[in-house]
Amino acid sequence: MKNLFTTVKAAVTTRQAAEYYGLKVSQNGMACCPFHDDRHPSMKVDERYYCFGCHETGDVIDFTAKLFGLTAWEAAEKLACDFHIDPNTPCSVSCLPSPEAAGPAAGR
Ligand SMILES: [Zn+2]
C-alpha cells in the first residue's frame with residue numbers, strides 16, 4: 001500500500017498546487033514567493049519549489065504545509081482532498097481559510 005505522501009507527490013506538482021492556491025505562475029514557472037515579501041517573481045515552481053529570494057525549498061507537501069501553517073500530514077490530506085486524489089481521505093482540513101485570509105505574507 002502506498003502512503004499518502006507518495007501518492008500526493010506523484011499526483012500533484014508544486015506548480016499545480018501553487019496555481020490552485022492562488023499564486024500566479026508565469027510561463028517559465030516563476031511565481032511571487034508567498035514566504036517573503038516578494039515584489040517580483042523569484043520563486044521557481046515545478047515538481048518542487050525553490051525561492052531565489054529567501055531560499056525556501058521543498059516539495060509540494062512542504063509548500064502546502066508552509067503556506068497554510070499545517071503539519072506535513074495535514075498538508076498531504078489537504079492536497080489529496082483538494083485534488084481529489086483519494087476519495088477515501090477524510091476532508092478534515094479542507095475548510096481552512098484561503099492563503100489571503102491566513103496571511104502567509106504578513107509584514108507586507
Ligand atoms: Zn521567498
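Cys33 is buried, at 2% relative accessibility; buried means under 20% relative accessible area, exposed over 50%, and partly exposed in between, with a 1.4 Å probe and protein chains only. Cys33 is also one of the protein donors of a zinc ion. The model is predicted, so local features need pLDDT of at least 70 and side-chain atom pairs count only at pLDDT 80 or more, while totals for chains, interfaces and linings use all residues. Residues are numbered from 1 along each chain as its sequence is written, and side-chain values use heavy atoms, with hydrogens and water left out.

**Zinc site**

- The zinc ion has the protein donors Cys33 (SG), His36 (ND1), Cys51 (SG) and Cys54 (SG), at 1.9 to 2.3 Å.
- Donors are N, O and S atoms within 2.8 Å of the metal (3.2 Å for Na, K and Ca); water is not among the atoms, so sites may look incomplete.
- Along the chain, the donors follow the spacing C-x2-H-x14-C-x2-C.
- The four donor atoms subtend angles of 103 to 118° around the zinc ion, so the arrangement is tetrahedral.
- Four donors count as tetrahedral if all angles lie between 85 and 135 degrees.
- Cys51 counts as buried, because its relative accessibility is 0%.
- Cys54 counts as partly exposed, at 28% relative accessibility.

**Cysteines and disulfides**

- A disulfide is a covalent bond between the sulfur atoms of two cysteines.
- Here a disulfide is counted as a pair of cysteine sulfur atoms within 2.5 Å, and by this rule the count is zero.
- The cysteine sulfur closest to that of Cys32 is in Cys33, 8.6 Å away, which is too far for a bond.
- Cys32 counts as partly exposed, with 32% relative accessibility.

**Overall layout**

- The chain has five helices and four strands.
- Helices (H or I, at least four residues) and strands (E, at least two) are DSSP runs, numbered from the N terminus.
- In sequence order the pattern is α-α-β-β-β-β-α-α-α.
- The chain has 108 residues, and 39% of them count as buried.
- Its accessible surface comes to about 6200 Å², and 53% of this belongs to carbon and sulfur atoms.
- Accessible areas come from the Shrake-Rupley method with a 1.4 Å probe; for residues, only the protein chains shown count as cover.
- Among contacts between residues at least 6 apart in sequence, 43% join residues at least 24 apart; contact means heavy atoms within 4.5 Å.

**The sheet**

- The four strands form an open sheet in the order β1-β2-β3-β4, with antiparallel pairing.
- β1 (30–31) and β4 stand at the edges with a single partner strand each, so one side of each has no neighbour in the sheet.
- Two strands pair if DSSP finds at least two bridges between them.
- β3 and β4 run antiparallel and are joined by two bridges.
- Tyr50 stands opposite Thr57 in β4.

**Helix α4**

- Helix α4 (residues 72–82) has 11 residues, and eight of them are buried, so the helix is largely enclosed by the rest of the structure.
- The buried residues are Ala75, Ala76, Glu77, Lys78, Leu79, Ala80, Cys81 and Asp82.
- The cover over these buried residues includes α1 (4–11), α2 (14–20) and α3 (60–68).
- Asp82, in helix α4, is buried with a relative accessible area of 12%.
- Not counting residues up to four places away in sequence, Asp82 touches Tyr20 and Tyr21.
- Asp82 and Tyr21 are 61 residues apart along the chain, and their C-alpha atoms are separated by 9.8 Å.

**Two histidines with positive phi**

- His55 is not a glycine, yet its phi is positive, about 65°.
- His55 is found in the loop between β3 (49–51) and β4 (57–58).
- His55 is exposed, with a relative accessible area of 52%.
- His84 is not a glycine either, and its phi is positive at about 55°.
- The loop between α4 and α5 (99–102) holds His84.
- His84 is exposed, with a relative accessible area of 69%.

Notes
Four donors count as tetrahedral if all angles lie between 85 and 135 degrees; four count as square planar and six as octahedral if opposite donors are over 155 degrees apart and all others between 65 and 115; anything else is irregular.
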